[in-house]
Amino acid sequence: MTLASNISVLKLVPILKECSEDQLRLLAFSAEEVRLPAGHRIFNEGDRADGGLVICSGRIQLETGLGASAVKQGVYAAGTLLGENALLVDAGVRPVSAVALEECSILKISRSLFLRMLQEFPEMAVRLFQEKAADFKKMTDSLSRAERRLSYAGTLSDQLHRKE
């Protein structure tokens, strides 16, 4: 793929949507473009997570488990970033495996490259921090609501058992 087409794909990635053309050009130029044949296992569940992958073309299936017991977790196409957390922090290991369903082209973005981008473009880091903080707040709010519902259900269950 060309640099221009890689930049076009990077524009589709939600965490990169606010990046300037120059920032995306630098990222596309510095990332490693890899072509993969159909059936290629890109990474395995439990592998070290050292960065993210942006799908430029083709489709990739994520799955947990191995062999006949593998459970499909979804199929993803161009513009998808796999391993977003691994771009930002040492996420440890991959929670899923990734397999190319057809011939694919991906951009491998190392954590060190992405962190260098954030250092060079602090406005990008601030925006990303604000987005992640908003995501975290939504998640904690959702957990609080779930906790209240579970607590209420537990109270009802206790009341029913006392009446018996």
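Predicted model: local features only at pLDDT ≥ 70, side-chain atom pairs only at ≥ 80, totals over all residues.

Trainee: At what angle do α2 and α4 pack, and how far apart are their axes?

Mentor: The angle is about 155°, and the axes lie 11 Å apart. Angles over 145 degrees count as roughly antiparallel, so α2 is roughly antiparallel to α4.

Trainee: Which residues meet there, from α2 and from α4?

Mentor: From α2, the residues are Q23, L26, L27 and S30; they meet L113, M117 and E120 of α4.

Trainee: Turning to the largest nonpolar core, which of its residues touch the most other members?

Mentor: The core has 24 residues, and those touching the most other members are L10, I15, L16, V54, I109, F114 and M124. At least two residues each come from α1 (3-10), α2 (21-30), β3 (51-57), β8 (104-110), α4 (111-120) and α5 (122-163). The largest share, four residues, is supplied by α4.

Trainee: What is I109 in contact with, leaving aside its neighbours within four places in sequence?

Mentor: I109 is then in contact with L10, L27, A31, G51, G52, V54, L87 and F114.

Trainee: Let us take L62, then. Where is L62 found, and why does it count as buried?

Mentor: L62 is found in strand β4. Its relative accessibility is 11%, and buried means under 20%, so L62 counts as buried.

Trainee: What does L62 touch, not counting residues up to four places away in sequence?

Mentor: L62 touches F43, V71, K72, Q73, G74, Y76, L82, V96, S97 and A98. As for S97, L62 and S97 are 35 residues apart in sequence, yet 5.5 Å apart in space, C-alpha to C-alpha.

Trainee: How many bridges join β4 to β7, and which residue of β7 is the bridge partner of E63?

Mentor: Four bridges join β4 (residues 60-64) to β7 (residues 97-100), and the two strands run antiparallel. The bridge partner of E63 is S97.

Trainee: In what order do the strands of that open sheet come, and which are the edge strands?

Mentor: The open sheet has four strands in the order β2-β7-β4-β5, with antiparallel pairing. Its edge strands are β2 (41-43) and β5 (71-76), each of which pairs on one side only. On average, neighbouring strands of this sheet are turned by 30° against each other, direction ignored.

Technical notes. Residues numbered from 1 in each chain as written. Heavy atoms only, no water. Pairing = 2+ DSSP bridges. Axes fitted to C-alpha atoms, helices over the stretch in contact; angles between N-to-C directions. Core = buried A, V, L, I, M, F, W, Y, C linked by side-chain atoms within 4.5 Å. Buried < 20%, exposed > 50% of the residue type's maximum accessible area, 1.4 Å probe, protein only. Contact = heavy atoms within 4.5 Å. Parallel < 35°, antiparallel > 145°, perpendicular 65-115°, else oblique.
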